[in-house]
Amino acid sequence: MARMVNCVKLGIEAEGLDEAPFPGAKGLEIFENVSKQAWKEWLGKQTMLINENKLASFDPKAREFLAIERTKFLFEGNSEMPEGYVPPKV
């Protein structure tokens, strides 16, 4: 049976992650409060932010920026797109 969580992002009970996405307190907080669906949505947003802002994963400032944006997206309900973002044409 799937582990269920009250997802803070979606505001519903949904299937939880199988494991914490990374070690530490923040990873545990996400594991306990974020659903698989919301985490998948974050990964898509994170990819878009990396591409739009030309971020390098090894850059400490980029990692800090993504951590702040992750908190905004998952826990604060803020899902604004970067300034000047143009969605891809389908």
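## Salt bridges

In this predicted model, E29 is partly exposed at 31% relative accessibility, and K26, with a relative accessible area of 26%, is likewise partly exposed. K26 and E29 form a salt bridge whose closest N and O atoms are 3.1 Å apart, and both residues lie in helix α1, three residues apart, which is about one turn of the helix.

Salt bridges that share partners join E15, D18 and K36 into one network. The side chains of E15 and K36 meet at 3.0 Å, N to O, a pairing that links distant parts of the chain, with E15 in strand β2 and K36 in helix α2, 21 residues apart. K36 also meets the side chain of D18 in a salt bridge of 3.3 Å, N to O, and here the partner D18 sits in the loop between β2 and α1, 18 residues from K36. A search of the whole structure finds four salt bridges.

## The largest pocket

The largest pocket has a volume of about 160 Å³, and its lining comprises five nonpolar, two polar and two charged residues. Helices α2 and α3 each supply at least two lining residues, with the largest share, four residues, coming from α3. Among the lining residues are F22, W39, W42 and R70.

## R70

R70 belongs to helix α3 and is buried yet has no salt bridge, the nearest side chain of opposite charge, E29, being 8.2 Å away. Beyond its neighbours within four places in sequence, R70 is in contact with F22, K26, I30, W39, W42 and F75.

How values were computed: Residues numbered from 1 in each chain as written. Predicted model: local features only at pLDDT ≥ 70, side-chain atom pairs only at ≥ 80, totals over all residues. Heavy atoms only, no water. 1 Å grid on protein atoms, 1.4 Å probe; cavity = no way out; pocket = protein on both sides within 12 Å on 5 of 7 lines; lining within 4 Å. Points joined across faces, edges and corners; volume = space filled by probe spheres on them. Nonpolar A, V, L, I, M, F, W, Y, C, P; charged D, E, K, R; others polar. Buried < 20%, exposed > 50% of the residue type's maximum accessible area, 1.4 Å probe, protein only. Lys, Arg positive; Asp, Glu negative; His and termini not counted. Contact = heavy atoms within 4.5 Å.
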